[in-house]
Each structure stands twice: as C-alpha cells, then as structure tokens.
Amino acid sequence: MNMPENDQSLSRVLSAWRMAPRRNPRFRTAVWTRIGSAARPASWPGFVRAHAAVLAGALALALVAGALVGREEAQARVAAERAAIADAYVQSLDARTLRMP
Amino acid sequence: MKNFLLTLVVLLAVGASSYGIFYAMNDLPAVRRAAHEGDAMAWLRAEFQLDDAQFAAIQKLHDDYGTVCSGHCAAIMAAKRRHAPAAEVAVLEQFCTRSMMKHFRRVAALMPPGQGARYLAIVLPRVTAYDHTGAPNVQVRP
C-alpha cells in the first residue's frame, strides 16, 4: 500500500500541468449573443416547438369541442323547427282542429 | 405573452372553423326554410327527398283530402253547435282520426323507400297527441 506516495506524485503532476487554451477572439461576443438571445422572446414557431405536446392537445380539444357543439346545435335547431312544422302540418289536416267560419 | 395570445387566437379560429363545418354538415337549410315559411309541402319535399312525381302525387292526395277534411270539420262543428252529446262528437272525431291516419298512410306509400316509415313516425304520434287547442296556421297548398 503506497497511497501517500501516489498522492504526492499526482499532486506533482497536477501542479506541473499548465493549460494553454487557444485564444478565441470572438468568445466574449459569443457569450453576449447567447445572453441576448435568451433574454429575447422566442418566435411563435419556436414557442410552438417548445410547447408542441400541450399545443397539440389544445388543438385537438378545440377541434373536437367545436365539432361537437356545432353538430349538437345544428341538430337541435333542425329538430325544433321540424317539430314545429310537423305539428302545423298535422293540424292543417286535422278536422278536429279546424274552425268553421 | 404575445405568443400565448397568438396561440389562443389560432386555437379559437380552429374551434370556430370546426364548429362551422360540423354545423353546416348537420344543418338542413331547406327544412328550416320551409318551417320558417310555414310551408308544409315544401317541408315534405325537402324532409323526405321527394322527386317531382312523388311531390305532385302527394300534393294531389292532400288536395283531395282537403275536401274530405272539410266534410269532417263541418260535421264536427255542426254537432258542437247544436250541443250534440259528447259521445256523438267523439264518434265524429274518431272517424276523422281514422280517416286522417288512412290519408297519412297513403301519403307514406308514395314516398321513397324508408322515408314513408320516417314520415309516419313523425306524423302519427301527433295525431294521437291532439290536445284540442290551437288553430292550423300552415299552408298545405303551395
């Protein structure tokens, strides 16, 4: 077991290690560009992409709700008017409802 | 916020379009127009998809029945005027009802297959549900 000796050699290696990163003259500009784009509101297509699942659900809901309400309202309106004209039609042929002049 | 509002507008537009399309698909404008105008013959034509020959035959049947109906009406009214016994009026009304049902069945027989049964399902319950109130206000003759 020579752990202390290994630690010392690792420390030596680390202290001798020097980073020599290549200079990027556009680094600062790139950072500010990213900060700026994060602060700016996303475009609508971007917003849609970011909330695709929720919007797909809302879209489906709007379609189905519109379809159901439209169908029900049309059918109810036709049924009411059909009932009214059918009543009047039968009465027009019903001698029991006719009035003598 | 702007994106949210825009999305809301799009969703509302989609819902409204869906409503409009399904409303139009389930609407029967010809039936509603006839009902608005109180034109029973136009209603029969639109509702039961009568062709010209069927329409003409049914119209003739109605015209012929108009005479019969007036006779029944006169008999019932005469009985009521002379304060005939209720039983006598009831017999006249029963006769009128039977005659009317026979007429409706003859009309149904002139309709396209399937429509006659639908016609009878609409009119016959109304004959039996008569409540002795209200005067006719519909033009059977165009």
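**Exercise 1. Find how many salt bridges cross the interface of chain B and chain A, and work out which residues form them.**

Step 1. Across this interface the rule finds two salt bridges, a salt bridge being a side-chain nitrogen of Lys or Arg within 4 Å of a carboxyl oxygen of Asp or Glu. Before going on, note that this is a predicted model, where local features need pLDDT of at least 70, side-chain atom pairs count only at pLDDT 80 or more, and totals for chains, interfaces and linings use all residues. Residues are numbered from 1 along each chain as its sequence is written, chains are lettered from A and ligands numbered from 1 in the order in which they are written, and side-chain values use heavy atoms, leaving out hydrogens and water.

Step 2. Look at Glu47(B): it forms a salt bridge with Arg82(A), with the closest N and O atoms 2.8 Å apart.

Step 3. Now turn to Arg126(B), which forms a salt bridge with Asp87(A), the closest N and O atoms being 2.5 Å apart. Arg126(B) lies in helix α6 of chain B and Asp87(A) in helix α4 (residues 52-92) of chain A, so this pair joins two chains. Helices here are DSSP runs (H or I, at least four residues), numbered from the N terminus.

Step 4. For context, a search of the whole structure finds ten salt bridges over all chains.

**Exercise 2. Describe the interface of chain B and chain A by its buried area and its residues.**

Step 1. The two chains bury about 4,300 Å² between them, 69% of it on carbon and sulfur atoms. Buried area is the accessible area (1.4 Å probe) that two parts lose on being put together, summed over both.

Step 2. Count the residues: 55 of chain B are in contact with 39 of chain A, contact meaning heavy atoms within 4.5 Å.

Step 3. Sort the side of chain B that touches chain A by class, and you get 33 nonpolar, 14 polar and eight charged residues.

**Exercise 3. Determine how helices α4 and α5 of chain B are arranged.**

Step 1. The axes of α4(B) (residues 52-81) and α5(B) (residues 86-109) come within 10 Å and cross at roughly 175°.

Step 2. That makes α4(B) roughly antiparallel to α5(B), a label for angles over 145 degrees.

Step 3. Among the residues making the contact are Tyr65(B) and His72(B) of α4(B), and Phe95(B) and Met100(B) of α5(B).

Methods:
Axes are lines fitted to C-alpha atoms, for helices over the stretch in contact, and angles run from 0 to 180 degrees between N-to-C directions. Angles under 35 degrees count as roughly parallel, over 145 as roughly antiparallel, 65 to 115 as roughly perpendicular and the rest as oblique. Ala, Val, Leu, Ile, Met, Phe, Trp, Tyr, Cys and Pro count as nonpolar, Asp, Glu, Lys and Arg as charged, and the others, Gly among them, as polar.
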